[in-house]
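Please keep the sequence and the 3D view open while reading.

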Amino acid sequence: MSAPLSELPTPSLLVDLDRLERNIAAMAAAFAGSGIALRPHVKTSKCWEVARRQLDAGAIGFTCSTPAEVAWLQDHGVGDLLWAHAPVGPRKVEFAVTAARRGGLTVALDSVEAGAPLSEAAVVAGLTVPFLLEVDTGHARLGVDPDRAVATASALAALPGLRLRGVMTHEGHISQEAVRDDLERAGREAGALLVSVAEALRAAGHEAPVVSVGSTPGATSAPFASGVTEARPGTYVYFDANQTRLGSCQLSDCALTVLARVLSVQRDGRAITDAGVKAMSSDTIATAGSVGIACDVDVVPLEGVTFVDGNEEHGFLLDAGPTRLKVGDLVRLVPNHACGTTNMWSHVTVVRGGVAVDDWPIQARH
Ligand SMILES: Cc1ncc(COP(=O)(O)O)c(C=O)c1O
């Protein structure tokens with residue numbers, strides 16, 4: 001395949017191959033020789049061509065959110081997976097047992113209520129399912145409070161069919177810090193807190209060899225707290241507008257864009273494109289009031305143009321002055337959150353040197 005961007009359908013999801021490979025190599029280099037294992041979260045790409053490159057660069061396996069991601073990677077023969085999502089409910093328990101039987105699966109648990117049904121199912125299946133105790137280091141999502149970690153881990157470890165391997169956290173809360181230095185400090189604190197929980201578990205007689213942290217904004221801080229054994233960044237393969245704002249990357253590192261065309265400029269100061277929230281996702285966590293960063297075809301930001309809103313199939317670009325964009329112009333839109341955008345698409349077009357060179361399927365979306 002070799003096609004100029006002007007010949008692609010719009011909207012199209014594009015991945016810049018050079019940037020992707022650079023991001024994968026840079027993260028791998030950051031951990032090479034550090035003694036910290038790299039277990040990227042696969043939700044960002046859901047694409048085997050990306051995952052394969054991460055493994056080739058030294059990733060030990062992957063972090064998954066959904067059963068579909070776990071099953072898909074197991075079908076590809078990936079033998080070391082952390083399903084970092086509570087296996088609660090009969091279908092997820094059944095899935096966890098099936099996946100554990102295939103080998104190499106570790107699950108995350110934060111309560112006896114979550115672990116007891118899995119314990120029963122594992123016993124019936126004649127299996128022992130390894131688990132990490134999920135600890136809340138500040139994100140206030142899943143995870144036991146640190147001061148209840150020993151009691152919860154002990155109660156879970158006492159259940160038959162389960163085996164404690166260590167602790168994990170997702171330090172997503174550090175993104176709330178306005179200044180990069182504070183974010184780095186918050187990342188180190190989250191890592192250190194998780195290490196202290198692992199040490200408390202060991203003092204209580206448990207083996208807890210795995211201490212796993214995970215996020216892209218925290219990838220330069222949390223894993224480097226002494227005693228952390230594993231890092232699970234995900235978004236770094238593509239980066240996005242959100243990570244640019246957080247200082248995790250430059251805009252020139254962002255590998256994922258949506259190619260769109262201007263459909264109409266009927267209203268002054270406004271250009272309507274064919275990429276709305278069904279192309280971008282409605283994830284606005286980065287810059288409130290913005291659906292993404294509006295750029296030209298070379299991914300250079302369009303000065304003064306903001307991507308202020310989206311209907312399903314329409315994007316609203318606001319120009320600070322009179323509209324400079326014309327009907328038929330191509331734009332490239334950097335999404336706020338690459339992971340949400342990926343899940344809107346069934347394939348991604350691969351671009352190198354401004355030319356479309358390949359097309360990769362996006363899988364395990366449901
Ligand atoms: C459990 C877990 N680990 C790792 C990650 C990766 O974090 P990021 O998307 O910042 O790279 C996430 C992201 O949501 C997560 O939920």
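The structure is a predicted model, in which local features need pLDDT of at least 70, side-chain atom pairs count only at pLDDT 80 or more, and totals for chains, interfaces and linings use all residues. Residues are numbered from 1 along each chain as its sequence is written, and side-chain values use heavy atoms, with hydrogens and water left out.

**Ligand site**

The ligand is surrounded by 13 residues, and Arg141, Thr216, Arg232, Gly234 and Thr235 are the closest. The table gives polar contacts, meaning pairs of N or O atoms within 3.5 Å.

| Residue | Part of the residue | Distance to a ligand oxygen atom |
|---|---|---|
| Threonine 216 | side chain | 2.6 Å |
| Glycine 234 | backbone | 2.7 Å |
| Lysine 43 | side chain | 3.3 Å |

On its own the ligand exposes 390 Å², and the protein buries 90% of that. Accessible areas come from the Shrake-Rupley method with a 1.4 Å probe.

**Nonpolar cores**

A nonpolar core is a set of buried Ala, Val, Leu, Ile, Met, Phe, Trp, Tyr and Cys residues joined through side-chain atoms within 4.5 Å. Buried means under 20% relative accessible area, exposed means over 50%, and partly exposed is in between (1.4 Å probe, protein chains only). The largest core has 48 residues, of which Leu73, Leu133 and Val167 touch the most other members. Helix α4 (residues 90-102) gives the most to this core, namely six residues. A second, separate core has 47 residues, including Leu20, Leu38, Cys47 and Val237.

Helices (H or I, at least four residues) and strands (E, at least two) are DSSP runs, numbered from the N terminus. Contact means heavy atoms within 4.5 Å. Leaving aside neighbours within four places in sequence, valine 167 is in contact with Leu132, Leu133, Val135, Leu194, Val197, Ala198, Leu201, Val210, Val211 and Ser212.

Helix α6 spans residues 149-157, and its buried residues are Ala149, Thr152, Ala153 and Leu156. Viewed down the axis of α6, these buried residues fall within an arc of 95°, so they line one face of the helix. The arc is that of the directions from the helix axis to the C-beta atoms. An α-helix has 3.6 residues a turn, so residues three or four places apart point the same way. The cover over the buried residues of α6 includes β6 (105-109), α5 (112-125), β7 (129-134), β8 (162-168) and α7 (180-203).

In helix α2 (residues 48-56), the buried residues are Trp48, Val50, Ala51, Arg53 and Gln54. They pack against α1 (17-31), β4 (62-64), α3 (67-75) and β18 (355-361). Just after α2, glycine 58 has a positive phi of about 120°.

**Single residues**

Histidine 173 sits in the loop between β8 and α7. Its relative accessibility is 18%, so histidine 173 counts as buried. Apart from residues up to four places away in sequence, histidine 173 touches Thr137, Gly138, His139 and Ala190.

Valine 331 belongs to strand β16 (residues 330-335) and, at 1% relative accessibility, counts as buried. The C-alpha atoms of valine 331 and isoleucine 272 are separated by 11 Å, with the two residues 59 residues apart along the chain.

**Backbone features**

The peptide bond from threonine 10 to proline 11 is cis, with omega near -5°. Proline 11 lies in the loop between β1 (3-4) and β2 (12-16).

Serine 281 is a residue other than glycine with a positive phi, near 80°. Serine 281 is in the loop between α9 (277-280) and β13 (292-295), and its relative accessibility of 8% makes it buried. Alanine 364, also not a glycine, has a positive phi of about 55°. Alanine 364 is in the segment after β18 and counts as buried at 14% relative accessibility.

Conventions. A residue is near a molecule or strand if one of its heavy atoms lies within 4 Å of it. A polar contact is a pair of N or O atoms within 3.5 Å; within protein, one must be able to donate a hydrogen and the other to accept it, and residues adjacent in sequence count only if both atoms are side-chain atoms.
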